Amino acid sequence: MRSVHPPPINDVQVLDRIIAGRRRGAKPRMQAVRDIVVNAYQEYRKWPLLPVGLVPSAARDFCRAYENGASAMVALRNELFAHYASESKDDLCPYCLVELVSDLDHWLPMRDFPEYSVLSKNLVPSCHRCNEEKGRRWKTVAGERVYPHPYFDDAGSQRVLVCSLTIGGDGVSEVGYSVVPGNTPYARVFANLFQDLKLRGRFCRRGAEEWSRFCGFASAGLTGAEPDSVQRVRGWLAQSAAVDVPRFGDNHWASALWRAASQATDADLLRAVTAAGQRRPVPVETSVDAGPGE
Ligand SMILES: [Zn+2]
């Protein structure tokens with residue numbers, strides 16, 4: 001997961017603009033609960049959080065205010081995507097870092113917390129798939145948060161994602177991912193994210209594609225059985241890590257892949273690269289700007 005700064009948006013001002021733009025029925029109903037909602041905004045980061053319990057008509061109004069395309073809502077949406085684009089530089093979804101953002105995810109589901117339907121801190125640009133998979137889950141049976149929050153949670157120096165790279169005798173590789181069982185709050189919510197958003201399968205696919213691409217490049221960069229072949233492959237691995245780790249952090253499928261590959265034995269690395277040279281390269285979309293040998 002990627003952490004970004006919360007959007008620097010004056011939420012009360014936005015709320016007032018949105019209420020002012022609503023039609024006659026909704027406007028007074030929203031106005032009547034406006035102070036309750038503003039109060040709830042102050043509580044947003046506290047946990048455990050309980051819905052304020054808006055009356056159903058006001059709850060509906062807040063959901064509709066988000067869903068309809070009124071100009072204040074369009075402006076908020078544009079501002080959130082622009083903020084995320086400038087923070088991320090690549091528009092990859094903060095939950096999976098696999099697909100591009102296309103949706104706004106209500107980190108606390110809008111149906112359960114309509115008071116946060118237009119709160120910028122509760123609106124996270126995400127890919128459609130993560131938004132769908134995440135659905136309405138937000139609290140575990142034990143009362144813990146289900147997901148990390150891209151605006152407020154940071155892995156810090158914790159490495160919670162592990163890649164396993166198995167290179168067979170024929171040089172064919174298998175890429176797998178798992179989460180380190182951890183007792184820190186971040187490790188627990190990351191494990192939930194990993195499981196709920198089905199990240200294992202998505203990471204395995206991307207990791208395998210990336211590894212195949214790397215081995216293909218490395219194989220093309222080696223002219224034969226040079227004495228320093230392994231050192232050169234290790235150099236390209238280090239280059240790939242130097243691009244991806246600062247950009248995505250340690251808990252990204254590519255960062256974890258480079259870590260795993262750097263721990264492979266010399267013989268395994270050479271076998272994987274040699275085997276790639278004997279296969280037709282698979283064209284894949286790459287997440288690495290500068291491949292080895294470029
Ligand atoms: Zn995603």
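Helices (H or I, at least four residues) and strands (E, at least two) are taken here as DSSP runs, numbered from the N terminus. The structure is a predicted model, in which local features need pLDDT of at least 70 and side-chain atom pairs count only at pLDDT 80 or more, while totals for chains, interfaces and linings use all residues. Residues are numbered from 1 along each chain as its sequence is written.

**Exercise 1.** Describe the overall make-up of the protein chain.

*Solution.* Begin with the elements: the protein chain has 10 helices and four strands, and from the N terminus on they run α-α-α-α-β-β-α-β-β-α-α-α-α-α. Next take the extent, for which the C-alpha trace spans about 80 × 40 × 25 Å along its principal axes. Finally, 35% of the 294 residues count as buried, a residue being buried if 20 or more other C-beta atoms, placed from the backbone, lie within 10 Å of its own, exposed if 12 or fewer, and partly exposed in between.

**Exercise 2.** Work out how α7 and α10 are arranged, and which residues meet.

*Solution.* The two helices pack at an angle of about 85°, with their axes 8 Å apart; axes are lines fitted to C-alpha atoms, for helices over the stretch in contact, and angles run from 0 to 180 degrees between N-to-C directions. Angles under 35 degrees count as roughly parallel, over 145 as roughly antiparallel, 65 to 115 as roughly perpendicular and the rest as oblique, and α7 and α10 are therefore roughly perpendicular to each other. On the α7 side the residues are S212, C215, G216, A218 and S219, and they meet A272, V273, T274, A276 and G277 of α10, where contact requires C-beta atoms, placed from the backbone, within 7 Å.

**Exercise 3.** Determine how α8 and α10 cross, and which residues make the contact.

*Solution.* The axes of α8 (residues 229–248) and α10 (residues 266–278) come within 10 Å and cross at roughly 80°, so these helices too are roughly perpendicular to each other. From α8 the contact draws on S229, V230 and V233, and from α10 on D266, L269, L270 and V273.

Notes
Two residues are in contact if their C-beta atoms, placed from the backbone, lie within 7 Å.
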